[in-house]
There are 2 protein chains.
Amino acid sequence: MPKIVDHDKQRLLVAEAAWRVIRRDGMEHTSVRNIAKEANLSTGSMRHYFSTQSDLLLYAMNLVSERVTHRYHQMSLTGPPLEDMKKILLELLPNTDEKFAEMEVWFAFTVKSKTDPALKSLADNVYNELRQMATYVITHLMELRLTSLDLNVELEIERLYALIDGLAIHAILRPESMNAKVMDDILTLHLASLCDSQES
Amino acid sequence: MPKIVDHDKQRLLVAEAAWRVIRRDGMEHTSVRNIAKEANLSTGSMRHYFSTQSDLLLYAMNLVSERVTHRYHQMSLTGPPLEDMKKILLELLPNTDEKFAEMEVWFAFTVKSKTDPALKSLADNVYNELRQMATYVITHLMELRLTSLDLNVELEIERLYALIDGLAIHAILRPESMNAKVMDDILTLHLASLCDSQES
């Protein structure tokens, strides 16, 4: 079914063009006309791929989420627990060019989701998925009895999740100071501080 | 000089109208025409107050920063050190309606500053100012010998600052779960964990 493959491939190219417009010019320049121009398509032909601008943006936003999920499922965890947990958390941080681009686009979509009901439910789902990653890390370390006995589980999950998103945003805003090494070191420090009988 | 006072007051009303448009409709709707309408002014009369849309947005962004600075200078620190340091950090978090509004607007401006050179230098200045607050908190606790002796100062500053911005963003995205009490409790926990000889 070459037609369908082409159609899907074309939708992907359009979504990637939308990402480039968002990163270079900002969300306020993501008109169908501008994205068509970036994708080397006529504005008229765009309606073969997306019926509205809102559809296009939702697809482009979902593409970020799909790529993060895909990478996550490809991870292999075979090291010591603290290293594995750090690996999971580092997967969420913009420490490669590819993830940096995704995070910039995601950050812009997150702000837009505050005032655009069409994007709200996807933003909420991803928020919950990432919170589950933080939950997994904290509860896994607890189950292995690596954490202090008096750990406040709910607060530690929220603290870890806030730390992750704060690091991600600082990396986007200040890549020269919040770089891959600093993010890695901070996660090492944070996880060690949760398991102080073992590390500190 | 009533003329000048009126002029300044009018600029403030226009900036506040811009905030409302940003919060309700999003940054992509901040045309001079839309903001004029929100402020009950004619588009033509707007040029008395701001020469361009860019001037208007910079002024509206700077107003957030001014209000934060103003509140900061009015703070009185008279409690135990950990309480005082928490008070400084809580000042940066959206735990009142007024600060929630400011933070929503700031978040939108921060994303815009990534692609709008006119806003970049203000965003950078505020980034540095807030980082200085985190620096002050960490170094002050160290000077009082409340922290562990092996504290990695630079990493702890970046960790604290990332935590603060992560909490702020989660409060904006999920006010029902990341509320004033949870933010307070997480800061209590975080500061105590830095001073474990005293608290844990």
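The legends below describe close-up views of a predicted two-chain model.

Residues are numbered from 1 along each chain as its sequence is written, and chains are lettered from A and ligands numbered from 1 in the order in which they are written. Because the model is predicted, local features need pLDDT of at least 70 and side-chain atom pairs count only at pLDDT 80 or more, while totals for chains, interfaces and linings use all residues; side-chain values use heavy atoms, with hydrogens and water left out.

**View 1. Chain A is built from nine helices and zero strands.** Helices (H or I, at least four residues) and strands (E, at least two) are DSSP runs, numbered from the N terminus. The C-alpha trace of chain A spans about 65 × 40 × 30 Å along its principal axes. Of the 200 residues in chain A, 50% are buried; buried means under 20% relative accessible area, exposed over 50%, and partly exposed in between (1.4 Å probe, protein chains only). Contact means heavy atoms within 4.5 Å. Of the contacts in chain A between residues at least 6 apart in sequence, 65% join residues at least 24 apart.

View 2. Residues 8–68 are 67% helix and 0% strand, and their end C-alpha atoms lie 19 Å apart. For residues 31–50 the figures are 35% helix and 0% strand, with end C-alpha atoms 12 Å apart.

**View 3. N40 has a positive phi in chain A and in chain B.** Most residues other than glycine have a negative phi. Phi of N40(A) is near 60°, and phi of N40(B) is also near 60°. N40(A) sits in the loop between α2 (32–38) and α3 (53–74) of chain A; N40(B) is in the loop between α2 (32–38) and α3 (53–74) of chain B. N40(A) is exposed, at a relative accessible area of 73%, and N40(B) is exposed at 72%.

**View 4. F109(A) and F109(B) have the most contacts inside the largest nonpolar core.** That core has 139 residues. Helix α7 (residues 153–173) of chain A gives the most to this core, with 13 residues. A nonpolar core is a set of buried Ala, Val, Leu, Ile, Met, Phe, Trp, Tyr and Cys residues joined through side-chain atoms within 4.5 Å. Neighbours within four places in sequence aside, F109(A) touches I22(A), M27(A), L57(A), A60(A), M61(A) and L119(A).

**View 5. Chain A and chain B each give 39 residues to their contact.** The area buried between them is about 3,600 Å², with 65% from carbon and sulfur atoms. Buried area is the accessible area (1.4 Å probe) that two parts lose on being put together, summed over both. In chain A, R159(A), H170(A) and R174(A) lose the most area to chain B, together 18% of what that side buries.

**View 6. K114(A) forms a salt bridge with E104(B).** The closest N and O atoms of this pair are 3.0 Å apart. A salt bridge is a side-chain nitrogen of Lys or Arg within 4 Å of a carboxyl oxygen of Asp or Glu. Six salt bridges are found across the interface of chain A and chain B. α7(A) gives the most to the side of chain A that touches chain B, with 14 residues.
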